[in-house]
Amino acid sequence: MGGKQSRGFSNRELSEASVIQGSRSAGNEQAGLSSAAERIRRHATVHFGYSTLSLAMRGLDDAPVELWELRELQKLNLSMNCLCSLPPTLSALDNLVVLNLWGNNLTSLPPEIGLLKKLRVLFACRNRLSEVPEELGSCAGLEVLSLANNQITSLPGSLAAMRNLTKLNLSHNRIAHIPTCVYSMKGLVFLQLACNRLETIADQIQDLVNLKILIVEGNSIHTLPKTLCFLDSLELLNVDFNELQSVPVELYLLSRLRKLACHPMDKGLHILHNPLLKPIKEVLQGGLSSLYNYLKPT
């Protein structure tokens with residue numbers, strides 16, 4: 001998130017802020033709320049020009065209700081807590097640009113998240129999400145979306161409106177087919193689908209003309225569509241640990257895959273641990289150039 005935590009912002013202060021209204025009369029209720037909100041606001045910082053607040057690793061079961069008063073916040077970090085839900089009042093933070101929910105116990109996202117029109121980055125990985133609300137598609141300015149390590153099987157069609165999305169991480173979920181809406185995200189540069197339940201990649205993959213990194217390792221993919229080979233911006237293709245017996249002869253068209261790669265972060269073609277049939281397996285021992293020479297028509 002980039003926002004540094006202020007010293008002395010203790011869990012006790014959070015608890016006191018959350019219960020302060022219990023010690024006030026009904027006539028002073030609103031004053032108590034504002035006072036508690038101010039106690040939280042004091043620990044917000046301005047970092048790289050953004051109003052930033054980190055409540056990470058606080059052991060929170062619920063976010064303080066006063067938090068939703070801080071409408072000026074642009075970056076909010078609630079990661080590594082014990083949150084099971086978020087209230088509809090999340091929508092009050094309508095200046096949020098970055099929202100980090102990583103590492104909680106969320107089983108759903110509130111529909112009101114769609115009202116965060118300025119949101120550009122959403123981290124909701126390592127939760128217990130089984131679905132994503134359709135309203136998230138209203139966050140058309142979203143550029144980075146991570147839903148990794150959840151229990152998601154698909155995405156709503158409304159997310160097709162996310163034409164500004166450049167990075168999408170759906171790894172470690174329960175996805176059997178790449179959601180149709182993904183093929184409409186024409187701005188995607190990075191698509192991560194490792195460790196799902198994929199068996200195929202649809203021909204529409206060719207619509208992602210800006211894609212540079214595609215990671216589908218750890219699935220059960222049997223074949224690659226030849227349309228994948230028309231993605232001439234592709235610099236990293238990871239199909240390790242699948243069920244591939246062969247590759248499309250058009251693979252040599254992917255000229256930016258410059259080598260057979262082994263390290264997970266290396267650019268190039270990752271194709272280890274597949275039941276490739278002869279002569280592909282032997283050809284691969286000569287490197288990517290040998291494979292391309294083998295595939296090119298004579």
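Thr45 stands opposite Thr52 in strand 2; strands, like helices, are DSSP runs numbered from the N terminus (E, at least two residues, for strands; H or I, at least four, for helices). The model is predicted, with local features needing pLDDT of at least 70 and side-chain atom pairs pLDDT 80 or more, while totals for chains, interfaces and linings use all residues. Residues are numbered from 1 along each chain as its sequence is written, and side-chain values use heavy atoms, without hydrogens and water.

Strand 1 (residues 45-47) pairs with strand 2 in the antiparallel sense through three bridges; pairing requires at least two DSSP bridges between two strands. Two residues lie between these strands in the hairpin, where Phe48 has a positive phi near 50 degrees. Strand 2 also runs parallel to strand 3 (residues 75-77), again with three bridges. Here Ser54 is opposite Asn77 of strand 3.

## Burial of strand 2

Strand 2 (residues 50-54) has four of its five residues buried, so it is largely enclosed by the rest of the structure. Buried means under 20% relative accessible area (1.4 Å probe, protein chains only). Thr52, in strand 2, is buried at 3% relative accessible area. A polar atom of the Thr52 side chain lies 3.1 Å from the backbone oxygen of Tyr50.

## Nonpolar core

The largest nonpolar core has 80 residues, and Leu67, Leu76, Leu99, Leu145, Val182 and Leu291 have the most contacts inside it. Such a core is a set of buried Ala, Val, Leu, Ile, Met, Phe, Trp, Tyr and Cys residues joined through side-chain atoms within 4.5 Å.

Helix 2 (29-41), helix 3 (280-284) and helix 4 (288-295) are the elements that give two or more residues to this core. Helix 4 gives the most, four residues.

Note on methods:
Buried < 20%, exposed > 50% of the residue type's maximum accessible area, 1.4 Å probe, protein only. Polar contact = N/O pair within 3.5 Å; in protein donor to acceptor, adjacent residues only side chain to side chain.
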